[in-house]
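Biologist: Can you walk me through this one? I'd like strands, then the chain contact, then helices.

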Amino acid sequence: MRKFTRNVAAAMSLVAFTAAGVIADTPTRGGTLVTVLGSNVRNLNSAVQSGIVTGYPGAQLFASPLRYDDSWTPQPYLAESWDVSDDGMSVTLNLVKNATFHDGQPITSSDVAFSVEVIKNNHPFKSMFAPVENVETPDAHTAILKLSKPHPALMLAMSGQLMSIIPEHIYGDVPINEVKTHPRNNENVVGSGPFKLVEFKNGEHVILERYDGFFMEGRPYLDKVVMRIITDPAARAIAYENGEVHMGAFESLPRVINRLKKADGLNVTPDGYGGIGPLDWLAINTTKGPLADVRVRKAIAHAIDKNFIMKAIMQGTASESRTGIHPDSPFYSADVEAYALDLDKANALLDEAGYPKNGDTRFSVTIDFGWPGVKPQVEYVKAALKKVGIDVEVRASADFPTWAKRMGTMDFDLSWDTVFNWGDPVIGVHRTYDSSNIAKGVWSNTQGYSNARVDELMQMAAVENDMEKRKALYAEFQAIIADEVPVYHVNTLPYHTVYSDKIGNPPIGIWATSSPIDMVYLKD
Amino acid sequence: MMDRKTENSEYLEQASSPSAEAWEMFKRNHAAMAGLVILFVITIGSIFGPLIYPTDPFDMVWAPFSPPGEEGYLFGTDYLGRDLLAMVIHGARVSLVIGLSAAIVSIFIGVTIGALAGFYRGYIEEILMRVTEFFQVLPTLLFSMVIVALFGASLTMITIAIGIVSWTAVARITRSEFLRIRELEYVMASRASGVSNTKLMFGIILPNALPPIIVQSALMVGSAILFEAGLSFLGLTDPNVVSWGQIIGSNRQYILDASYTVTIPGIAIFVTVLAISLVGDGLNDALNPKLRAR
C-alpha cells in the first residue's frame with residue numbers, strides 16, 4: 001500500500017503551515033468571538049445541506065476526517081493518518097483514538113461509514129462520494145472507503161464542510177434518506193467538532209461554546225462563538241466598523257469591501273476562498289440560434305471588456321478568471337485564450353458567421369439574471385454587445401426560483417451566473433461542461449455544451465491519482481472550454497474575509513470559515 | 001327697439017361658458033400657470049428631446065462617473081459611462097407615459113366603480129364600497145410590488161399595477177358626486193322621460209360630476225410618477241427602458257461617490273411632480289364653483 005500521506009508528512013506540513021505565518025503569534029485561550037452570518041440558516045447539519053451559510057456553523061459543530069492548509073495540503077484532523085492504496089481503489093482512514101461526540105460517546109469508524117451513507121443519500125453534491133461503494137470498519141478506529149474507481153477528488157471531499165462526521169446513535173433512528181429533515185439537525189445538535197451548540201434562533205443568531213472534550217489537545221482556543229445573523233451588508237459593515245463583531249466572511253459587495261478596507265483596526269482579505277472557488281461568468285446557451293456558432297460566442301467574448309467589469313463594476317475587488325477553475329486552485333491554467341477587448345475582431349467574426357449588420361443590428365438575444373446584485377454586469381453586457389450589433393433584451397426574473405427554472409430548462413440565451421468550484425474540479429467544475437449533465441437543473445450543464453474530448457478529459461482526470469498528470473489533463477480541458485466559449489469566464493466573485501486586529505489565526509485557508517475555527521483566538 | 005333674436009345673441013356673446021370661466025380663473029392663478037408652463041416644457045422635451053439629443057441612453061459614451069460638464073457631457077456619466085442627459089431625456093418619456101397611463105387606468109376603474117355604486121345604491125353600492133375599502137387598506141406599494149414580481153416588470157404591468165392600487169380615491173369621489181347629482185331635478189326629469197340608466201349615468205350625471213374627478217386625476221399623474229420611481233428604485237422596472245426612478249435605483253449604491261447620478265433624476269421627478277401638483281391645485285380652484293364665485 002502506497003503511503004499517500006502519513007503522520008510524519010502531516011507533521012512536517014503542519015510545521016510548514018505554521019512557518020508560513022498562519023499561526024503568527026502565541027495563541028491565547030478564552031474569550032467570546034462575535035462573528036456574523038450573512039443570511040438565515042436552513043440547516044446546521046452540513047452532512048445534508050450544502051452552502052456557505054450552513055458551512056460556517058456546520059464546520060464548527062462537526063469534524064471532518066481531514067483539513068487543508070492554505071497551500072492545498074491535507075492535514076490530519078479526525079483522521080490522524082490516511083493511506084491511499086496503490087491502485088487508488090481504497091482509502092484507509094485511521095481515526096484519532098480519543099475523539100468523542102458532544103454527548104461523550106466515542107466517534108468510531110461506524111460513524112464514518114454512517115456519515116458517508118447519509119451524505120450520499122442527502123447531500124446535493126452527488127459526485128463527491130458516488131464512487132464510494134462501501135465503507136469497511138475492521139476496527140473502531142479504522143475506516144476503509146472502498147471505491148468503484150480511483151477517485152482523487154475524495155481527498156478534498158473529506159475536508160471542510162463537505163464530510164461532516166455525524167453520530168449514528170442520534171441520526172440513525174430514521175431512514176437514511178430522511179436525515180435531511182431530522183429534528184436534531186437544528187436543535188440539541190450532537191456534533192463531533194470543536195464547538196457545541198448552545199442556541200440557534202433563525203434570523204437572530206447561532207451561539208456555540210467550546211467543547212471541552214474536543215480531541216485536539218488545547219483546542220479550541222475560544223470559549224464561545226456568537227454568530228449574529230445580519231442579512232444587510234451595510235448593517236454588517238457598520239457592525240464591523242463599530243467593533244460589534246470581530247470577524248465575518250463571504251463579504252462580496254465591492255463598495256462595502258472598499259469601505260471596510262479604509263477602516264481602522266480591520267483587515268480585509270480575499271485569501272481563503274480557493275476551495276469554495278466562486279466564479280462570475282456569462283453563461284451562453286450553445287444550442288440556440290446564432291449562439292450555437294462558436295464564432296458568435298468568441299465575438300461576444302471579444303466585445304466584453306473584463307477590465308471594465310473588474311475596475312468599474314467590481315471596483316478593483318475581483319480578479320480575472322479565464323476558465324471554469326478558480327485561479328487559486330492548483331488545477332487552474334491561465335495558458336488559454338484570454339479574449340482581449342477587440343471590437344474589430346468581434347465584428348469580423350460575426351460577419352464571418354453570417355450575421356451581417358442590418359442597420360445597426362445583426363440579431364437579438366436575451367440576457368437573464370437571478371439576483372439584483374449582478375444587474376450592473378447585465379446592463380454592461382447589453383451596452384457592450386450593442387457596439388458590435390447584437391441587440392440584447394434584459395429579462396428580469398420575478399425571483400430566484402424563476403431564474404433557476406429558466407436556467408435549468410435552458411430557457412435562456414445569455415445569463416450572468418455565479419458558480420462555485422467546491423474544492424476538486426470533479427465536485428463543482430465538471431457539472432457545467434459534462435454532456436451527460438445537460439439541463440439537470442440550475443448549475444448543471446445549462447449551456448447544452450457537448451464535446452467528446454472534454455468529456456474524455458474530465459473522465460480521465462477524475463480517476464488520475466498523479467497530481468501532475470491531472471493538472472495536464474485539466475490544462476487541456478481548460479484550453480478547450482476557453483476556446484469554445486460555452487461560458488465566458490470573467491472574474492472571481494470577490495469574497496472577502498473581514499477580521500479585526502484582535503483576531504489571531506483568521507480562517508484564511510482554502511475553505512475560509514467553512515472550516516474549523518479551533519485555531520482562531522482573541523488577542524489580549 | 002332691438003328684436004328679440006338680436007338681444008339673445010348679444011347676451012350669449014357676453015356670457016362665458018363654464019370652461020371659459022374656469023380657464024380665466026386658472027390663468028389668474030400664477031402658481032398654476034407656472035406649473036403648466038413647466039409641464040409643457042417637460043412634455044415637449046420628452047417628445048422631441050430624443051430627436052434633438054439622439055444619444056442612446058444605453059450607450060457607454062465616456063468614462064464612468066465623469067462629473068457634470070466634463071468632456072461635454074452636461075449631466076455627466078453614470079457608473080457604466082452612460083450619458084446622464086440622454087438618460088434623463090429618455091427617462092422623461094417613460095415616466096410621463098407611465099404616469100398618464102396609470103392615471104387613466106385608475107380613473108377608468110375608479111369612475112366605473114364609483115358611478116355604479118353611486119347610481120344604483122343598495123346592495124351594489126354595499127359590495128362595491130366594501131371592495132373599495134379592501135383596496136384602500138391594502139399596503140399599496142407592497143401590493144404593486146407583488147403584482148410586478150408575479151407578472152413581470154414590463155411597462156404595461158407596472159402601469160396596471162399602479163392603476164390597480166390607486167383607483168380608490170377616484171371611486172369614492174365619483175360615488176359621492178353621483179349620490180348628490182342623481183337626486184337633482186334635471187336628473188329626475190330625465191329619468192321620468194324614460195332615459196336609459198346608461199345614458200343617465202354616463203351622459204347626464206358623469207359630465208356634471210367631472211370637475212372633482214379631473215382635479216383628482218391630475219394629482220394622480222404626479223403620484224403615479226412617484227410610484228413608478230419607487231418601484232424602479234426597488235429594482236422592479238423594465239430593465240430595457242430608462243425611467244427617472246430606474247436611473248436613481250441603478251446608481252443609488254454610488255450615491256456617496258457620485259451624488260449627481262441620483263440628484264439629477266431626483267430633481268427631474270421633483271420638478272415634474274411639483275408642476276403637476278400646482279396644476280392640480282389650480283384646476284381645483286378653477287373648477288370649484290364655490291371658489292369661482294369669490
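**Strands, interface, helices**

Modeller: Strand β13 (residues 278-284) of chain A pairs with β17(A) in the antiparallel sense, over five bridges. Strands pair if DSSP finds at least two bridges between them. Strands are DSSP E runs of at least two residues, helices H or I runs of at least four, numbered from the N terminus. This is a predicted model: local features need pLDDT of at least 70, side-chain atom pairs count only at 80 or more, and totals for chains, interfaces and linings use all residues. Residues are numbered from 1 along each chain as its sequence is written, with chains lettered from A and ligands numbered from 1 in the order written.

Biologist: Which residue is the bridge partner of A:Leu282 in β17(A)?

Modeller: A:Tyr488.

Biologist: New topic. How many residues of chain A are in contact with chain B?

Modeller: 14, in contact with 14 of chain B. Contact means C-beta atoms, placed from the backbone, within 7 Å.

Biologist: Which element gives the largest share on the chain A side?

Modeller: α11(A), with six residues.

Biologist: And helices α15(A) and α16(A), how do their axes cross?

Modeller: At roughly 155 degrees, coming within 9 Å. Axes are lines fitted to C-alpha atoms over the stretch in contact, and angles run from 0 to 180 degrees between N-to-C directions. So α15(A) is roughly antiparallel to α16(A), a label for angles over 145 degrees.

Note on methods:
Contact = placed C-beta atoms within 7 Å. Parallel < 35°, antiparallel > 145°, perpendicular 65-115°, else oblique.
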